[in-house]
4 protein chains.
Amino acid sequence: MDYQALLEQIQHQLQPVIGQGRVASYIPELAKVSPHHFGMAVVELDGTVHAVGDARVPFSIQSISKLFTLLMAFQCEGDALWQRVGREPSGNPFNSLVQLEHESGIPRNPFINAGALVLADILCTRFAVPENAVVEFMRRLAGEKDIQYDRRVARSERDTAHRNAAMAYFMRSFGNLRNPVPQVLDAYCRHCAIEMNCVDLARAVLVLANRGVVPHSGERLLSASAAKRVSALMLTCGTYDAAGDFAFRVGLPAKSGVGGGILALVPGECGVCVWSPGLEPSGNSLAGSLALETFTTLTGRSIF
Amino acid sequence: MDYQALLEQIQHQLQPVIGQGRVASYIPELAKVSPHHFGMAVVELDGTVHAVGDARVPFSIQSISKLFTLLMAFQCEGDALWQRVGREPSGNPFNSLVQLEHESGIPRNPFINAGALVLADILCTRFAVPENAVVEFMRRLAGEKDIQYDRRVARSERDTAHRNAAMAYFMRSFGNLRNPVPQVLDAYCRHCAIEMNCVDLARAVLVLANRGVVPHSGERLLSASAAKRVSALMLTCGTYDAAGDFAFRVGLPAKSGVGGGILALVPGECGVCVWSPGLEPSGNSLAGSLALETFTTLTGRSIF
Amino acid sequence: MDYQALLEQIQHQLQPVIGQGRVASYIPELAKVSPHHFGMAVVELDGTVHAVGDARVPFSIQSISKLFTLLMAFQCEGDALWQRVGREPSGNPFNSLVQLEHESGIPRNPFINAGALVLADILCTRFAVPENAVVEFMRRLAGEKDIQYDRRVARSERDTAHRNAAMAYFMRSFGNLRNPVPQVLDAYCRHCAIEMNCVDLARAVLVLANRGVVPHSGERLLSASAAKRVSALMLTCGTYDAAGDFAFRVGLPAKSGVGGGILALVPGECGVCVWSPGLEPSGNSLAGSLALETFTTLTGRSIF
Amino acid sequence: MDYQALLEQIQHQLQPVIGQGRVASYIPELAKVSPHHFGMAVVELDGTVHAVGDARVPFSIQSISKLFTLLMAFQCEGDALWQRVGREPSGNPFNSLVQLEHESGIPRNPFINAGALVLADILCTRFAVPENAVVEFMRRLAGEKDIQYDRRVARSERDTAHRNAAMAYFMRSFGNLRNPVPQVLDAYCRHCAIEMNCVDLARAVLVLANRGVVPHSGERLLSASAAKRVSALMLTCGTYDAAGDFAFRVGLPAKSGVGGGILALVPGECGVCVWSPGLEPSGNSLAGSLALETFTTLTGRSIF
């Protein structure tokens with residue numbers, strides 16, 4: 001597969017829609033990003049990198065961080081994790097409290113905000129400075145030292161995180177958060193504020209495409225079965241309320257963020273990351289979703 | 001892959017759990033079935049059949065019929081279908097009216113009862129006797145003339161279908177059913193009452209594993225893209241409220257029924273069908289779910 | 001209290017708003033009524049009648065019938081009635097299925113449609129032709145032979161009663177309806193289609209204002225305690241989702257209907273009925289609500 | 001009416017049930033109170049006091065404070081108050097977040113926790129130390145200097161107020177709280193922690209029974225119309241989810257608290273307060289509810 005030519009074709013085809021959609025505005029710092037960015041990268045299991053556009057421009061990974069805090073929390077807790085967070089699609093907007101109320105403070109899955117707050121709580125218990133541990137984890141997976149979180153974005157998010165605070169206190173009332181709520185919120189907002197580029201993210205996700213082993217280091221991070229299971233969760237729950245539609249159109253395990261990034265993988269082959277800040281109403285990158293749909297249409301590389 | 005040896009191993013391993021779970025009791029005729037049945041079949045793309053246990057004993061396919069009425073309705077309506085039924089997991093019990101109320105009478109997906117009632121309504125519009133058209137379609141896909149629906153089961157289901165009647169009238173109040181409600185309910189209950197065995201079902205689903213072409217006849221029923229998309233829907237929505245969990249544990253597109261059948265596929269390879277009437281609380285066959293989980297664990301054949 | 005002068009003052013004050021609001025359109029026959037009607041009547045315990053405007057023009061009483069079918073069902077069942085229908089405000093639109101789903105098919109109160117369907121079911125069990133029994137009951141209370149239901153309205157309502165059918169089948173699925181659903185719906189729609197005028201309704205409600213005794217005949221229909229309790233239910237649940245607001249503004253027990261009637265009472269003093277077909281979004285008569293608010297403001301005759 | 005004899009009869013009749021029910025346990029300080037207390041007081045408009053049992057033992061007024069913070073906030077804001085809080089029964093448990101989510105952060109009424117948090121927010125804006133202002137207001141109404149809030153109870157409640165914190169942050173996310181959430185929660189918990197006895201509460205509520213004028217001082221606190229409207233709110237919303245049932249059984253405007261107090265009034269006649277800490281599942285005092293039901297049965301003094 002000539003991925004480089006493919007990426008160039010996708011970039012060309014998508015030109016008319018780049019800049020469409022709305023940049024996330026609820027975090028003031030994110031609202032400043034231009035909607036006209038577009039970058040896309042494919043990294044193969046052997047490390048070969050293909051990239052177009054702004055694929056090396058760092059952006060705020062936001063909810064993509066949930067995929068990696070899930071890997072860390074899963075490593076820490078094993079299957080006991082699933083007593084505190086479910087594995088079912090939410091069927092409701094990603095920050096809904098209704099579901100928490102009906103289901104006794106157990107979030108539907110780790111990729112909605114409530115679920116990721118539980119992950120952050122677990123990391124707060126295990127690590128003195130959980131945000132540093134997450135950053136360090138990303139560096140290991142991406143083989144890249146120059147990864148950091150953006151303090152201004154973290155602070156901007158923290159100042160406006162009233163709804164996340166509501167969910168955190170609500171889960172606390174059910175006993176499903178153990179650390180002080182402000183500390184969990186701090187950690188959560190810093191995880192979301194990590195900055196990375198498409199190439200590094202596509203490389204970081206190879207651990208799943210490679211069934212649990214980091215290809216560049218040979219380190220086994222999780223079992224083959226666990227890697228497949230996390231991939232399954234990405235497919236059913238990784239793209240907010242549009243997961244069913246995304247699976248239907250794209251057919252790849254993926255995790256998106258309101259910063260405009262979408263990180264996907266082709267099992268056994270490669271990691272794929274696309275970034276374009278304009279969002280669909282569902283919260284997924286508009287151009288990014290179309291780019292991945294085009295990718296699977298042109299390559300025939302869906303999992304189905 | 002020596003599928004025959006594999007099926008025998010699975011049957012052996014599962015012996016202790018066969019008979020566990022509860023047989024569906026809300027349809028009196030179904031409640032009479034013994035929970036001790038277990039059958040499983042794999043049919044490869046080239047037509048090779050592997051089977052164990054009760055794989056040739058016919059059973060009531062129930063909600064597995066929704067997969068095939070979806071194929072028919074999708075053929076009839078094309079993408080216009082998605083204006084009347086969604087593609088998202090339901091996140092609620094399979095016969096919930098709450099969701100219909102919040103979403104203006106548009107069912108979440110075609111695999112919940114409300115969605116399948118819309119499919120039945122479409123078939124009522126297109127065919128004089130929709131149940132006969134569905135039976136004929138199943139015969140074509142399975143290459144088997146001896147398929148029928150069970151009139152007693154259909155009548156038994158119709159007599160107790162108060163909740164389905166509620167959903168149908170409710171969708172009618174939103175204008176999302178066009179035919180008289182009793183007629184749609186009749187058709188729906190007859191689709192559910194079709195009797196087939198594991199071998200025939202595994203052969204029938206090959207049209208999806210083979211990307212839209214019926215292998216034994218060479219007939220293209222739907223595009224490769226449509227076949228992948230329906231498979232994606234099976235993964236995200238095919239096993240009631242446990243779809244996320246099922247994808248996590250099994251990792252194959254599948255559609256289950258309260259008769260105890262689960263029909264799955266390995267894209268590009270084979271159809272798999274298992275039947276055992278004892279159900280988990282989610283409504284999926286208990287032994288059947290475990291059999292498929294064992295199948296993917298032993299073969300490494302998940303899609304992830 | 002010079003009620004006649006008072007009614008004339010109210011009619012005069014309200015002139016500008018008569019005709020505002022929307023006539024109920026979901027029942028075609030009702031949609032034909034002119035919004036410019038306004039009638040109001042007060043009937044004192046001693047039988048003295050005060051009336052203005054269209055107070056003697058018959059209109060479709062619609063949900064006001066629920067008050068009287070409640071009295072009949074309560075007579076039949078006594079406190080056992082409350083095992084099949086609750087006594088709490090609904091907090092949801094008057095035809096919501098959500099609540100029924102969360103509360104196992106027990107409607108919140110007898111004044112929402114679902115609750116009145118249970119009342120109709122009780123009357124179907126007790127009477128061969130329940131609509132005739134209800135008409136006869138109204139005649140006794142109003143002391144007026146010339147009361148009937150309008151067959152065209154009943155049929156028009158029955159043909160469009162998909163949502164009521166949905167609720168009825170849903171309650172049937174929970175075992176909270178005992179008679180065949182079509183029969184219950186027929187009876188319900190005929191109860192709603194009863195035609196009466198303001199004077200007769202105000203006289204009929206005197207049984208509650210007079211603590212259980214029909215003043216003109218001396219017949220005790222229910223105990224003083226039961227009469228008070230039904231009045232309390234009218235206050236908390238009688239005006240759809242606006243019951244709290246209505247109690248706040250008007251402060252009298254009342255039952256409204258989408259035909260534009262509102263029937264109220266001043267305990268120990270009189271019955272009051274107002275009719276004007278233009279509705280507020282809550283389903284209560286716009287001019288009628290204001291007329292009653294003015295009535296209590298001018299007389300100081302609220303119950304608080 | 002010989003209220004003293006009446007109260008003694010009620011106390012006698014209720015002897016067997018005093019001590020039944022469960023003392024509120026979610027606030028550790030409250031859980032220490034013995035369930036065997038029972039006190040009841042009637043204070044007539046002319047100031048005559050009738051009392052039995054523990055009528056002069058102070059208890060934690062808890063949600064009864066919402067009635068008085070409502071009076072203060074209503075004085076401050078007038079009808080503008082109703083843009084930030086509704087007037088409808090909640091139809092859901094008293095601390096539900098579901099309703100807030102469906103209704104854009106506007107609580108259903110001022111007597112549920114979310115509504116009272118809005119009242120506390122208003123008082124935080126108007127007063128430097130809102131809890132002192134509320135205590136001062138209670139002293140004026142009760143004509144009693146020796147009223148205070150219990151700091152240990154306030155702190156105990158604050159430490160466990162996770163669900164109230166969730167609601168407060170949630171309303172903040174909708175813009176319906178203006179002051180910092182911790183400050184509003186502090187004030188709210190101190191209002192709830194006010195300690196009063198039955199006699200003082202029954203005297204304090206006379207301002208409503210007397211249509212807006214404090215009888216012992218002659219001070220007009222609110223208009224007659226406003227007093228009636230607040231009384232109407234008490235009837236429709238004052239006893240948590242059991243308001244409909246309470247109106248049905250008791251028929252008096254009332255406000256209850258989880259400390260076991262219920263404060264009621266007979267318009268134009270008297271204030272009535274009862275205290276017994278054992279609660280029904282609805283959160284209302286078990287013996288207290290029965291005492292008031294007996295009160296209206298024996299006196300015939302309901303408002304209906």
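The radius of gyration is taken over C-alpha atoms, and the globule rule sets it at 2.2 Å times the number of residues to the power 0.38. With 304 residues, a compact globule would have a radius of gyration near 19 Å, and chain A, at 18 Å, agrees with this. This is a predicted model, in which local features need pLDDT of at least 70 and side-chain atom pairs count only at pLDDT 80 or more, while totals for chains, interfaces and linings use all residues. Residues are numbered from 1 along each chain as its sequence is written, and chains are lettered from A and ligands numbered from 1 in the order in which they are written.

**Confidence**
- The model scores ipTM 0.90 and pTM 0.90.
- Chain A has a mean pLDDT of 94, and 98% of its residues reach 70 or more; pLDDT is the predictor's confidence in each residue, from 0 to 100.

**Chain A overall**
- Taken along the principal axes, the C-alpha atoms of chain A fill a box of roughly 55 × 40 × 35 Å.
- Of the 304 residues of chain A, 62% count as buried, that is, with 20 or more other C-beta atoms within 10 Å of their own, C-beta atoms being placed from the backbone (exposed: 12 or fewer; partly exposed: in between).
- Contacts are pairs of residues whose C-beta atoms, placed from the backbone, lie within 7 Å; among those in chain A between residues at least 6 apart in sequence, 66% join residues at least 24 apart.
- Chain A has 14 helices and eight strands, which are DSSP runs (helices H or I, at least four residues; strands E, at least two) numbered from the N terminus.

**A sheet in chain A**
- Three strands of chain A form an open sheet in the order E3-E5-E4, with antiparallel pairing; strands pair if DSSP finds at least two bridges between them.
- Its edge strands, E3 (59–60) and E4 (148–149) of chain A, each pair on one side only.
- Two bridges join E3(A) to E5 (residues 194–196) of chain A in the antiparallel sense, and Phe59(A) stands opposite Met196(A) in E5(A).

**Phe74(C)**
- Phe74(C) lies in helix H3 (residues 65–77) of chain C and counts as buried because it has 22 C-beta neighbours inside 10 Å.
- Leaving aside neighbours within four places in sequence, Phe74(C) is in contact with Leu81(C), Leu222(C) and Ala226(C).
- The C-alpha atoms of Phe74(C) and Ala226(C) are separated by 8.9 Å, with the residues 152 apart along the chain.

**Chains D and A**
- Twelve residues of chain D are in contact with twelve residues of chain A.
- On the chain D side, helix H4 (98–102) and helix H8 (162–173) of chain D each give two or more residues, with H8(D) giving the largest share, eight residues.

Notes: Two residues are in contact if their C-beta atoms, placed from the backbone, lie within 7 Å.
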